[in-house]
Amino acid sequence: MKILLINGSPKGKKSNSLRLAASFVEGVKLKAEGNGEEVTVDEVEVVSLKISACRGCFACWKNTPGHCCIKDDMTSIIEKEIEADLVVWSFPLYYFNVPGMLKNLIDRQLPMSLPFMSENTNETGSGGHDARYDMKNIRHVLISTCGFYSAKGNYDSVTKMFDHFLGKGNYETIFCGQGELFRVDELSDRINQYLETVKKAGSEYADGKISDEVSNQLKTLLYPKDVFEKLADADWGINKETGEKEAQDLTFTRQMAALYNKNSFKGKNRVLEMFYTDTGHTYQILLTKEGSELFTDGSLKATTRVETPFELWASISRGEIEGAEALGKQLYTVTGDFSLMMDWDKIFGSDAVGSGEAFDSDAESSGTSGLKNPSMTTMLLPWISFWIAVAINPLIGSIAAMAVCAFVPFIMRKNKLIIWDQLSIAAVALLSAVAHFTGRGELATNAGYLIFGLFWLVSCFTKEPLCASYVKYSYGGNKAGKNPLFMNANYILAACWGSLYILTAIWTFFLRKAGFGNILLIINNLVPLAMGLFTGWFVKWYPAWKASGK
Ligand SMILES: Cc1cc2nc3c(=O)[nH]c(=O)nc-3n(C[C@H](O)[C@H](O)[C@H](O)COP(=O)(O)O)c2cc1C
């Protein structure tokens, strides 16, 4: 397959539209090559070519049929067009049409048509000219970005023109509003999400046509209208009232405020105060159910205050540094209401706006196998059933516990099994067998406390404490491993739970020996419950305490 990509943006390689076109072509290429086709891509940059305006002399029709009298780069463009299997027209919208240089190229295609009047088969206009060459099998795709919030209603002249010269319905289009956002690195999450969809469109197109599902996704706004307009206004870096150039960190903070998702409002107004330690500037963002507002006079009472070098914050938003990792390393500090930081992605992130589809942060771990993430239930189910059933009746209870061990992989078949699940199933099955054949249920359950405690403690010497293996999926999947706050909190908790169960084994042994076995039912249930409550409190308190720079 020969692909001709015509980049009609005067910005050349810096074109927003070209980013879409390149993703589309990448999708086509991958798919076609996967189908065993050989693919070549020829990208021509109109701005770098010499293509003069048509002189209207009709020499290409009467004096030198099929050949223009102007000798410039257009000769090779026509050759490439005739040779191509797919022509991708990539261009920005200029005054509701194609940019002038691309219009020149289109006008200069006159030698490709025959001069004679022919039946108009395009269902549009009042006349036509047959093609000089057989170009029926050449497919065409128009890819363009425009500056307004939506492409809707802006491309009427473009499609009218292409309807005339390619034929109505003979070409595919991908038109995208908010084009200038494609150059904003801070929005790369959402932009890359869109570009992935364009690539998918390309691979579908290689096999036939773009599906309705992908086509609808392509028509989804990058950001809602109000968010986009605030972002776009802020991006000029000019104060709307005074017309003066603004400080870079102010422009940046305005854009951050623009990304606020008012649906994340939780009943009371919040004030996020940003203090940039390197520029010395303080800005406050009021977050309400109506939207966000930026204050530069420090007149509000902050509910959350972030102290950070501006450069660092900008790097984080460009995705160069993980925010949580930087916080864990105390490169910036947060005081006040920490829940705002915990919900950052919902409040300001890419999953807050755009298509409304949350970014699948678990994709790396659950995407390929089709299984859900590991669940702590898989590990706990054998243990809990063992402790209860064997305590009631060692002979029958142990059989019940073994049955649970056998069925857990089936009950939890939708979740991935991890090492702690497998070890737990094996340990409980073994202890149940001991209880069954020796009839010494107390010994077996107590050994269970010891082994269970050891699992937690041993995991503290590995690169991922036991609890982190399960809960990391709510904190960005494997990325959480780089977050020292997350990892430290989990190491501490794993050590606490491990120690608790070792102690449980010890006190159970001695209390039974001293004849106080009956109070164990209360202690051994109440203490883990208290530990559960502590865990719930600790996972909130610890990051907030650390983030405040303590
Ligand atoms: C001269 C000029 C005219 C423009 N006319 C329109 C327009 O009519 N409608 C629109 O939505 N955007 C318009 N824009 C915005 C561009 O279409 C938008 O910035 C686009 O993303 C640029 O794409 P590119 O980077 O591929 O060149 C215009 C921009 C310029 C410079």
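How exposed is Glu-307 in terms of relative accessibility? Select Glu-307 and find out: at 31% relative accessibility, Glu-307 counts as partly exposed. Here, buried means under 20% relative accessible area, exposed means over 50%, and partly exposed lies in between, with a 1.4 Å probe and protein chains only as cover.

Before you move on, a few notes for your viewer. Residues are numbered from 1 along each chain as its sequence is written, and side-chain values use heavy atoms, with hydrogens and water left out. You are looking at a predicted model, in which local features need pLDDT of at least 70 and side-chain atom pairs count only at pLDDT 80 or more, while totals for chains, interfaces and linings use all residues.

**Stop 1: salt bridges**

Arg-305 counts as partly exposed because its relative accessibility is 23%. By this rule the count comes to 27 salt bridges.

Next, select Glu-43 and Lys-13, whose side chains form a salt bridge at 3.2 Å, N to O. This pair links distant parts of the chain, 30 residues apart: Glu-43 sits in strand S2 (residues 40-45), and Lys-13 in the loop between S1 and helix H1 (16-34). Helices (H or I, at least four residues) and strands (E, at least two) are DSSP runs, numbered from the N terminus. Glu-43 is partly exposed at 36% relative accessibility, whereas Lys-13 is exposed at 60%.

Now try Arg-108 and Asp-72, a salt bridge at 2.9 Å, N to O. Again, distant parts of the chain are linked, 36 residues apart: Arg-108 is in the loop between helix H4 (100-107) and strand S4 (113-118), and Asp-72 is in the loop between helix H2 (59-62) and helix H3 (74-83). Are these two buried or exposed? Arg-108 is buried, at 3% relative accessibility, and Asp-72 is buried too, at 10%.

**Stop 2: the ligand**

Zoom in on Glu-180: an N or O atom in its side chain is 2.4 Å from an oxygen atom of the ligand. At Asn-16, a polar backbone atom is 2.6 Å from an oxygen atom of the ligand. At Gly-147, a backbone N or O atom lies 2.9 Å from a nitrogen atom of the ligand. On its own the ligand has 650 Å² of accessible area, and the protein covers 79% of that.

**Stop 3: strand S1**

Select Lys-2, which lies in strand S1 (residues 2-7). Lys-2 counts as partly exposed because its relative accessibility is 38%.

**Stop 4: helix H16**

Finally, select helix H16 (residues 394-411), which supplies the largest share of a nonpolar patch, 3 residues. Phe-407 has its place in helix H16.

Definitions and conventions
A polar contact is a pair of N or O atoms within 3.5 Å; within protein, one must be able to donate a hydrogen and the other to accept it, and residues adjacent in sequence count only if both atoms are side-chain atoms. Accessible areas come from the Shrake-Rupley method with a 1.4 Å probe; for residues, only the protein chains shown count as cover. A salt bridge is a side-chain nitrogen of Lys or Arg within 4 Å of a carboxyl oxygen of Asp or Glu.
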